[in-house]
Amino acid sequence: MGDKGSIWLPDAMSTFANEVDALFWFVFWTSTVLFIAVVAAKVYFMLRYKRTDETSVPEPVHESKLLEAAWIVVPTILVLFVFIWGFDVYLKMNTDPTDAYQISVMGKQWAWEFEYAEGVTAFSEMYVPVGRPVKLMMNSQDVLHSFFIPAFRVKMDVIPNRYTSLWFEATEPGEYQIFCTEYCGTTHSGMLAKVVAVSEEDFAAWIAEQSQDLPPEQLGEQLFAQCAACHAVDGSAKIGPALNGRFGTDRKLADGSTVTFDENYIRQSILDPASQVAEGYQPIMPAGYSSMSAKQIDGLVAYIKALQ
Ligand SMILES: [Cu+2]
């Protein structure tokens with residue numbers, strides 16, 4: 001029941017994680033006690049009232065008003081108790097503090113994108129300040145996803161064409177796993193990211209560092225986190241071809257023609273993937289990257305070009 005992880009539950013690292021756990025344990029233990037009591041009574045009655053003689057007829061049973069009242073009143077109180085307790089925790093989790101720091105989250109096949117008010121965009125790592133409420137405004141670019149941080153006990157569906165939100169306050173610095181927890185296609189299980197909870201000062205420093213203009217190759221490397229579910233950079237084919245060691249080589253296309261894997265091919269592949277489909281692959285690269293800025297495309301081209 002402590003705030004450290006156990007075989008049952010992961011570490012409890014947000015302000016309301018312990019309340020969620022307390023409610024969970026209460027329901028768990030009352031259910032366990034009731035289950036044992038019911039089974040024990042059943043076994044006892046089976047043995048106690050076992051028919052021993054073929055001709056015996058049981059005595060007629062007379063109701064006990066007190067017993068009946070008890071099994072109506074006690075469970076009702078128990079259930080209402082759990083309801084009121086649960087509703088209280090639910091309200092807390094669903095009423096975001098007005099001073100919460102807001103981060104926009106975009107779910108896409110198969111990556112999480114985090115956008116900060118300061119104009120910073122991040123993939124695969126979501127930096128948050130410890131001890132300050134953080135609100136996530138979430139949206140999906142394609143299909144249904146669900147955003148889950150077990151250590152914070154928060155989970156919310158992420159839906160196209162509509163915002164959903166959740167909030168939390170991290171209690172201690174650390175790295176906590178983010179999962180997509182709604183099946184969203186082939187690489188659903190690879191749709192991972194980390195929460196990196198840091199002190200206010202470290203958070204401000206991180207924002208400042210990210211806001212600086214990165215050299216193109218570094219910017220490209222950062223952006224590439226959203227491509228990594230489909231493209232390896234170690235030569236192995238995933239959903240899409242590996243992108244390392246390709247620059248300057250010939251690329252056979254599905255329509256039988258051959259093009260050179262150069263800057264323009266990379267650019268075209270990102271902006272309009274269906275226009276030139278690599279041989280042996282399905283044309284399933286998302287079209288959504290056409291909204292990338294010229295600078296971002298430059299960065300990705302520089303990064304892919306440099307991949308050995
Ligand atoms: Cu997903």
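This is a predicted model: local features need pLDDT of at least 70, side-chain atom pairs count only at pLDDT 80 or more; totals for chains, interfaces and linings use all residues.
Two residues are taken to be in contact if their C-beta atoms, placed from the backbone, lie within 7 Å. The axes of α4 (residues 216-223) and α6 (residues 294-306) come within 7 Å and cross at roughly 90°, which makes α4 roughly perpendicular to α6.

Within α4, the residues Gly220, Gln222 and Leu223 are buried; seen down the helix axis, the buried residues of α4 fall within an arc of 160°, and they therefore line one face of the helix. The elements that cover these buried residues include strand β3 (121-123) as well as α6.

At the level of the whole chain, the division is into domain 1 (17-94), domain 2 (101-211) and domain 3 (216-306), and the centres of domain 1 and domain 3, taken over C-alpha atoms, are separated by 61 Å.

The peptide bond from Gln109 to Trp110 is cis, with omega near 0°, and Trp110 is found in the loop between β1 (101-108) and β2 (111-116). Ser124, in the loop between β3 and β4 (125-129), has a positive phi of about 65° although it is not a glycine, and Ser124 counts as partly exposed because it has 17 C-beta neighbours inside 10 Å. Arg153, in the loop between β6 (145-149) and β7 (154-158), likewise is not a glycine but has a positive phi, of about 60°; with 22 other C-beta atoms within 10 Å, Arg153 is buried.

Note on methods:
Residues are numbered from 1 along each chain as its sequence is written. Domain bounds come from an automatic or database domain assignment. Axes are lines fitted to C-alpha atoms, for helices over the stretch in contact, and angles run from 0 to 180 degrees between N-to-C directions. Helices (H or I, at least four residues) and strands (E, at least two) are DSSP runs, numbered from the N terminus. Angles under 35 degrees count as roughly parallel, over 145 as roughly antiparallel, 65 to 115 as roughly perpendicular and the rest as oblique. A residue is buried if 20 or more other C-beta atoms lie within 10 Å of its own, exposed if 12 or fewer, and partly exposed in between; C-beta atoms are placed from the backbone. The arc is that of the directions from the helix axis to the C-beta atoms.
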